[in-house]
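Subject: Structure handover

Hello,

Here is the structure for your files, followed by notes on what turned up in it. Please read the notes with the model open.

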Amino acid sequence: MPAYALRGAAALVAALILTAGAWASWGTARHVMLPDERRERGTLSVTRCSGDACTGRYASASGRAPRGRVVIDRSVAAREGERIPVVIKSGTLRSAAPEAVRSGGPGFLHAWLPLGGALLLAAVVVAGGLRLNRVAGVLALAGTVQLTAAFATLTL
């Protein structure tokens, strides 16, 4: 197989990895990043964690009625008794237990975790398949910084 075909295939795989990482991140990041009148912002007081989700009482920042039960993924380092800033996902506002995502800096970094992992994986493909070591180094550094920052802000 010609060398340009192999390089083209490696470039396509790297682009696909980065696109998939951005797409996976955007599902959560759009709630944290984009202002929308349908998205409620407030504080979640975590009362119970089990399995892969935590529930708690929600107090709206805009003065709307508090909610008795809101669900958030446990992967955002929520512990019982903790109060965390959240955004209610716009598609779940009218459900019995609306879903929330963490907001602020830690929420922003957590939302982009899939992209951080994709950057690391794409760095391997770029270094091995395209032989662009400096570009691969930049991708790996960006992914490492993103993952480390998310870990540090969520656990401290």
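A residue is called buried here if its relative accessible area is under 20%, exposed if over 50%, and partly exposed in between. Please keep in mind that this is a predicted model.

Salt bridges

The structure has three salt bridges. In one of them, the side chains of E82 and R102 meet with N and O 3.9 Å apart. E82 sits in the loop between β3 and β4, and R102 in strand β5, so that distant parts of the chain, 20 residues apart, are linked. By the cut-off above, both E82 and R102 are buried.

R67 pairs with E40, where the closest N and O atoms are 2.9 Å apart. Because R67 belongs to strand β3 and E40 to the loop between α1 and β1, this bridge ties together parts that are 27 residues apart in sequence. E40 has a relative accessible area of 4%, so E40 counts as buried.

E99 and K89 form another bridge, with 3.4 Å between the closest N and O atoms. E99 is in strand β5 and K89 in the loop between β4 and β5, so the parts tied together are ten residues apart in sequence. Here E99 is partly exposed at 37% relative accessible area, and K89 is partly exposed at 21%.

Disulfide

There is one disulfide, and it joins C49 to C54 with an S to S distance of 2.1 Å. The link of C49 and C54 is right-handed, with 110° about the S-S bond. Both cysteines, C49 and C54, are buried.

Aromatic pair

The count of aromatic pairs comes to one. W26 and W112 make up this pair, which is tilted, with 6.3 Å from centre to centre and 45° between the planes. W26 lies in helix α1 and W112 in the loop between α2 and α3, 86 residues apart, and the pair links these distant parts of the chain. W26 is partly exposed, at 32% relative accessible area, whereas W112 counts as buried at 16%.

Largest pocket

The largest pocket holds about 190 Å³ of space. It is lined by 15 residues, and the closest to its centre are T28, D73, K89, A100 and V101. The elements giving two or more residues to this lining are α1, β3, β5 and α2. β5 contributes the most, with four residues. By class, the lining has seven nonpolar, four polar and four charged residues.

Regards

Notes
Residues numbered from 1 in each chain as written. Predicted model: local features only at pLDDT ≥ 70, side-chain atom pairs only at ≥ 80, totals over all residues. Heavy atoms only, no water. 1 Å grid on protein atoms, 1.4 Å probe; cavity = no way out; pocket = protein on both sides within 12 Å on 5 of 7 lines; lining within 4 Å. Points joined across faces, edges and corners; volume = space filled by probe spheres on them. Nonpolar A, V, L, I, M, F, W, Y, C, P; charged D, E, K, R; others polar. Phe/Tyr/Trp six-rings, centres within 6.5 Å; stacked < 30°, edge-to-face > 60°. Buried < 20%, exposed > 50% of the residue type's maximum accessible area, 1.4 Å probe, protein only. Disulfide = S-S within 2.5 Å. Salt bridge = Lys/Arg side-chain N within 4 Å of Asp/Glu carboxyl O.
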